Amino acid sequence: MQNSYTIDSNNDSTVTTLSHQCREEAQNNEKPTESTYLTPNSNQTYFADERIHIPETENSFFSFRKLWAFTGPGFLMSIAYLDPGNIESDLQSGVAAKYKLLWVLLSATILGLIMQRLSARLGVVTGLHLAEMCYRQYKKIPRIILWIMIEIAIIGSDMQEVIGTAIALSLLTNKTIPIWGGVLITVIDTFTFLLLDKYGLRKLELFFGFLITVMAITFGFEYIVSAPPENEVISGMFIPWYKDYDRNMLLQAVGIVGAVIMPHNLYLHSALVKSRDINREESKKVKEANMYYFIEACIALLVSFIINVFVVAVFADGLYNKTNLEVYNLCKDNNYTLGIDTFTKENTTISIDLNKGGIFLGCAFGAVAMYIWAVGIFAAGQSSTMTGTYAGQFAMEGFLNLQWARWKRVLFTRMIAIVPTFLVAFFSNIDNLTGMNDILNAIMTLQLPFATLPTIAFTSSSQIMGEFRNGM
């Protein structure tokens, strides 16, 4: 490794972080070194102009005031667990395996929580996010490879968000806006939403909280209306089913892991925690920050898990072992004709996607249910688009020491994502978009080691983390 520094873990009153030493290097060297990029930069993403102050409280064990001050980064991180690719994986697993894969969803979420905790600890203890740490610890070739892999993950995630938003717009406008038209609109609306961070860090975090609330209400409404059996849902969460798994169920199980744990989310979370004003010279303050960030991450991922369960249960209850003909007759019996041609009159097992899911809800519970579903998908697409943009910005700043304006960053990743998505949407049909989503989930699974291995390696190093290194 290059440029490693030792943290004195024997002195509890001082935690010498890499960021402090890097700044000293930058001041003492006449010509810029690798360290100079760590000095404050006015163009830096997300928290350049403000850091949230952590209040002092009388209760040294736990304080809701302090928890509120630390609340924000975990919920922004949890958006990746609720993106359109995730939602589609949820409904497909429900249709394919009913409630039998809920334990996989729970396990993947717990595993994700462990990795997000390590990611946050890295940012809190060192003052550097994961991409910055890779820049310091790895040589050029491994660094470039890691950057390319994370860009592939971000672009793949961006494609899923484009697909989800386009489908939501098609459902909300009764197909007035075709899928390919919705793909083009996502270019404009992304820039519009990115203007929100100009109004302040706290307002941006509250806006993300609002979007998560919209998803919880919309998908929660569908869950309450469909009323799946609670005992089956709960048993599906805690009893690992492994018998009678067919090939399709196994593919869905792997897809859940790829959809839930996003590689670029580890880079994102390690950077977001730097938005709080933490005194890293005091070991006690660092421990406190780690504790509150972990509590916040637990709450945020619990909320995201519940929302995912809502989606799995609704479609498991309504479409498990159902045929296209049965759903077609359901729509016909309820005099619901909007999108009825999506379901063929063939007596074949139904395959489901975000679009068919919305139409089914309209058939079963009325048009309002379809519109509520579309609003939830739209919220998921927009929020995950914004966090993906931030993750890409952090990666570019960290790996390449390159500062781009946010609109350039968005344009770069969005155009790469939109071109193939637009071509499929324009020249083919929506079923091909679903197939593309399955491929993208598989790509996410393949990209995981390029984020998890550096995270585990850095947080296990006593040179980097000192007393805060990982245990066994």
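Of the 472 residues in the chain, 57% are buried, meaning under 20% relative accessible area with a 1.4 Å probe, protein chains only. This is a predicted model, in which local features need pLDDT of at least 70, side-chain atom pairs count only at pLDDT 80 or more, and totals for chains, interfaces and linings use all residues. Residues are numbered from 1 along each chain as its sequence is written, and side-chain values use heavy atoms, with hydrogens and water left out.

As you look around, you will find 20 helices and zero strands in the chain; helices are DSSP runs of H or I with at least four residues, strands are E runs of at least two, and both are numbered from the N terminus. Among contacts with a separation of 6 or more, 82% join residues 24 or more positions apart, where contact means heavy atoms within 4.5 Å.

Let's turn to helix α16, residues 367-400. α16 has 34 residues and reaches 49 Å from its first C-alpha to its last, close to the expected 50 Å, which is 1.5 Å times one less than its number of residues. Because 27 of its 34 residues are buried, α16 is largely enclosed by the rest of the structure. Asn401 follows α16 and has a positive phi, near 55°.

Now bring in helix α6, residues 130-137, which packs against α16 at an angle of about 15°, with the axes 7 Å apart. That makes the two helices roughly parallel, a label for angles under 35 degrees. Here Ala131, Glu132, Cys134 and Tyr135 of α6 meet Phe394, Ala395, Gly398 and Phe399 of α16.

Terms used:
Axes are lines fitted to C-alpha atoms, for helices over the stretch in contact, and angles run from 0 to 180 degrees between N-to-C directions. Angles under 35 degrees count as roughly parallel, over 145 as roughly antiparallel, 65 to 115 as roughly perpendicular and the rest as oblique. Buried means under 20% relative accessible area, exposed over 50%, partly exposed in between (1.4 Å probe, protein chains only).
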